[in-house]
Amino acid sequence: MQPRVLVIGERKSQVSEAVRLGYEVWLAQRPADCEPVLESGPSVILLTDYTAPDFADLAADLHQVRPFAAVFGIVENALLPAAELTGRLGLPGTGPGTARVLTDKWAMRARLAEHKLSPVRAALGSTAAELRAFGAEVGFPFIAKPVAGTGSFGINLVDHPDRVDDVLWRFTRAGATAFLMEEYLDGKEISVESFSFGGRHVVLTLTDKLSGADFIEMAHCVPAIVDPETAAEVAELTGRFLDAVGLTDGPSHVEVKLTSRGPRIVEGHCRRGGDRLNDLVRLVFGVDMEALTVAWALGRTEPIAQAPAPDGAAAIHFVSAGQGEVLAIDGADSVRAQPGIVDVQISFGVGERIGPVRWSLDRPGCVIATGPDPVAAAAAARAGAERIQFALKPAAEFGPDEARERYLCRELDQSQHVGYPRAD
């Protein structure tokens with residue numbers, strides 16, 4: 001009988017890698033998100049809400065009849081159900097304890113404090129009084145953000161006591177009943193792309209990051225421009241962090257600020273990074289973290305001893321546009337023809353409406369480029385992104401969209417799945 005795996009949420013990469021290795025793939029996907037995936041090779045598609053509490057019971061019952069060799073999830077809202085099943089069924093991979101502490105950023109801060117690691121002053125809040133008290137104790141500015149958010153959604157800089165009521169209104173409008181308050185960390189922000197093999201953590205690369213308004217990420221470059229001493233310090237901190245949260249196997253994406261007091265953990269994830277960072281790592285180091293995740297869990301590959309030497313550099317830069325109805329898009333084809341350009345992605349078509357950028361997928365497009373070094377790769381990607389222009393029909397000014405905010409909060413803040421109630 002052909003061995004099988006369960007893939008949750010993912011539409012392509014993990015499905016196709018498992019098929020390549022000779023496994024029958026069962027794909028769990030929510031009906032509203034289901035796209036044509038037959039070309040990727042799943043044998044069975046389960047149309048179900050895998051974020052619902054009873055999904056684990058359903059999958060466990062299926063496992064009794066048709067056992068799974070492993071369970072995979074790569075999108076944010078699939079990490080918790082995948083980890084719960086991994087632990088429940090005794091399969092290889094990240095278990096529920098690690099997934100929960102990486103999802104719940106307040107729990108992550110508490111874990112780091114227990115280990116006296118990467119000290120950052122933080123508190124859980126739900127009222128304007130708590131926001132003001134935190135600012136009075138820690139100082140302005142500080143950060144207020146969702147307890148278990150992703151995709152750069154809902155991050156607020158509270159730079160003055162007068163901002164408190166507006167910040168609280170933003171969380172209330174989104175239906176959030178709790179938020180995390182953290183001291184503002186100065187310095188450059190990078191991320192660490194790693195893969196762990198039986199408790200041995202291999203840092204594949206450090207990644208430079210550029211953030212725009214509301215902390216929405218606008219560019220990444222691999223490898224980061226960091227001096228060797230700082231890189232070694234960041235790698236050592238990352239390994240201690242992964243040990244503290246109990247991650248022993250598989251990919252990780254850890255965000256770090258290089259502050260004036262030394263590197264500090266911002267947050268971590270038991271998955272590869274978003275924003276097509278896997279493509280950048282593959283282009284520069286020849287390591288496909290998505291394929292490696294599947295192959296390692298299934299015992300079909302050897303561990304990597306150390307990160308390969310980089311072959312040049314790769315960067316992604318996101319396109320900017322205003323708000324309104326798209327009348328025309330200019331420059332994409334000419335950018336694609338430029339040397340060093342790997343990919344150009346446009347996320348909106350003619351006739352569609354571009355609104356405010358609330359989170360990562362609201363960005364209207366991106367350009368990926370390679371170069372002999374990080375400076376050249378970043379410059380090529382940025383120049384390409386700047387050449388792409390959207391002609392827009394001005395729309396009436398976008399006002400507060402409470403329904404949209406609540407929808408995004410339900411989708412992008414996993415706090416309701418780790419014990420924090422919602423208002424709706």
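1. G324 sits opposite I354 of strand β17. The model discussed here is a predicted one. The two strands concerned, β15 (residues 324-330) and β17, pair in the antiparallel sense over two bridges.

2. These strands belong to an open sheet of three strands, ordered β17-β15-β19 and paired antiparallel. β17 (353-354) and β19 (389-394) are its edge strands, and each of them pairs on one side only.

3. A further open sheet has eight strands, in the order β13-β12-β9-β10-β11-β14-β18-β16, again with antiparallel pairing. β13 (262-269) and β16 (341-346) each have a single partner strand, so one side of each lacks a neighbour in the sheet. On average, neighbouring strands of this sheet are turned by 25° against each other, direction ignored.

4. A219 has H317 of β14 as its bridge partner. Helix α12 (residues 374-387) lies across β11, β14, β16 and β18 (365-371), and runs at about 25° to β14.

5. Is I368 buried or exposed? I368 is a residue of strand β18. Its relative accessibility is 1%, and because buried means under 20%, I368 counts as buried. Leaving aside residues up to four places away in sequence, I368 touches R276, L280, L283, A315, I316, G340, I341, V342 and D343. V120 lies 248 residues from I368 along the chain, and the C-alpha atoms of the two are 34 Å apart.

6. Helix α10 (residues 289-297) is largely enclosed by the rest of the structure, because eight of its nine residues are buried. The buried ones are M289, E290, A291, L292, T293, V294, A295 and A297. What do they pack against? Their partners are helices α1 (13-20) and α9 (277-285), together with strands β4 (71-73), β9 (188-197), β10 (200-211) and β12 (250-259).

7. The two ends of α10 each have a local feature to check in the model. At the start of α10, a side-chain oxygen of D288 comes to within 3.0 Å of the backbone nitrogen of E290. Just after α10, G299 has a positive phi of about 70°.

Methods. Residues numbered from 1 in each chain as written. Predicted model: local features only at pLDDT ≥ 70, side-chain atom pairs only at ≥ 80, totals over all residues. Heavy atoms only, no water. Pairing = 2+ DSSP bridges. Helix = DSSP H or I, 4+ residues; strand = E, 2+ residues; numbered from the N terminus. Axes fitted to C-alpha atoms, helices over the stretch in contact; angles between N-to-C directions. Contact = heavy atoms within 4.5 Å. Buried < 20%, exposed > 50% of the residue type's maximum accessible area, 1.4 Å probe, protein only. Polar contact = N/O pair within 3.5 Å; in protein donor to acceptor, adjacent residues only side chain to side chain.
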